[in-house]
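Hi everyone, thanks for coming.

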Amino acid sequence: MISIRRARPADAPAIGEIHAAVWRSAYAGILPDAYLAGLSASRLAGFYQRAILDRREGHAVFVAVAGGADAPIQGLGGSTVVGFASGGRARRPGLADGEVETLYLLEDWRDRGAGRRLMRAMGAHLRAVGCRSAMLWVLRDNPTQWFYRRLGAREVAREGIRVGGQAVEQAAYVWDPIESLLAATAPAGER
Ligand SMILES: CC(C)(COP(=O)(O)OP(=O)(O)OC[C@H]1O[C@@H](n2cnc3c(N)ncnc32)[C@H](O)[C@@H]1OP(=O)(O)O)[C@@H](O)C(=O)NCCC(=O)NCCS
């Protein structure tokens, strides 16, 4: 069983590992190998620990946790973080009030609805802190753009940026009003 909850500081090391692992697989061939190899899970953990504790600007981090019969390591009675999402008020004005800054799931835990549930948690949170619309940036070479379209987002802008010294293009996807994100991520029987 996968559950979604607000992240705690103790989740930061797992979140750092997931960020590094997912970037290395999702951005292989898109971002430079040396840059991906140099990603440090422990440095990322420090970044996320601060993000979990810093609730300014409506910031929040949510985790997807596998437990019970689905726990990756059986017999320990524990649960394991298998994905996360983070965001807050948009980092720059103009496109939407709120922004989903990250959304990453370990490969073995995809296609089970956890991505949609993490997006719902982010959407509900952003609306609760007063955001009337939401957006996210995604690299144009990232095949997960279908996922955001599936959840009702509209591509509204494109721009060139540099990541790890490499020129890449990113696209902005927007849900306006934010209720369109909540409707697309409602539990199956309510959509
Ligand atoms: C993007 C990501 C978070 C999606 O999460 P997920 O848990 O796999 O997706 P869900 O199971 O919630 O699927 C939601 C919808 O997307 C669709 N979908 C999921 N996997 C799909 C696939 N492989 N092909 C086509 N559609 C798919 C499903 O149809 C589902 O819609 P439906 O229930 O109406 O059929 C996850 O794949 C991921 O972490 N990818 C790598 C990291 C990444 O690139 N993140 C984005 C950075 S901006």
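For the cut-offs, 20 or more other C-beta atoms within 10 Å of a residue's own means buried, 12 or fewer means exposed, and partly exposed is in between, with C-beta atoms placed from the backbone. Glutamate 57 sits in the loop between helix 3 (41–53) and strand 2. Its phi is near 55°, a positive value in a residue other than glycine. Most residues other than glycine have a negative phi, and most peptide bonds are trans.

Before going on, some housekeeping. This is a predicted model, where local features need pLDDT of at least 70 and side-chain atom pairs count only at pLDDT 80 or more, while totals for chains, interfaces and linings use all residues. Residues are numbered from 1 along each chain as its sequence is written.

Which other residue has a positive phi? Aspartate 111, with phi near 65°. Aspartate 111 lies in the loop between strand 4 and helix 4, and it is exposed, with 9 other C-beta atoms within 10 Å. As for peptide bonds, a cis one joins aspartate 176 and proline 177, with omega at about 10°. Proline 177 is in the loop between strand 7 (166–175) and helix 6 (179–184).

Now the whole chain. It has six helices and seven strands; here helices (H or I, at least four residues) and strands (E, at least two) are DSSP runs, numbered from the N terminus. The radius of gyration is 16 Å, close to the 16 Å that the globule rule gives for 191 residues, so the chain is as compact as a globular protein of that length. That radius is taken over C-alpha atoms, and the rule is 2.2 Å times the number of residues to the power 0.38. Buried residues make up 32% of the 191.

Two strands pair if DSSP finds at least two bridges between them.

Let's zoom in on strand 4. Is it enclosed or open? Largely enclosed by the rest of the structure, because six of its eight residues are buried. Strand 4 runs antiparallel to strand 3, and seven bridges join them; glycine 83, for instance, has leucine 105 in strand 4 as its bridge partner. With strand 5 (residues 134–139), strand 4 pairs in the parallel sense over two bridges, and glutamate 99 has methionine 135 as its bridge partner there.
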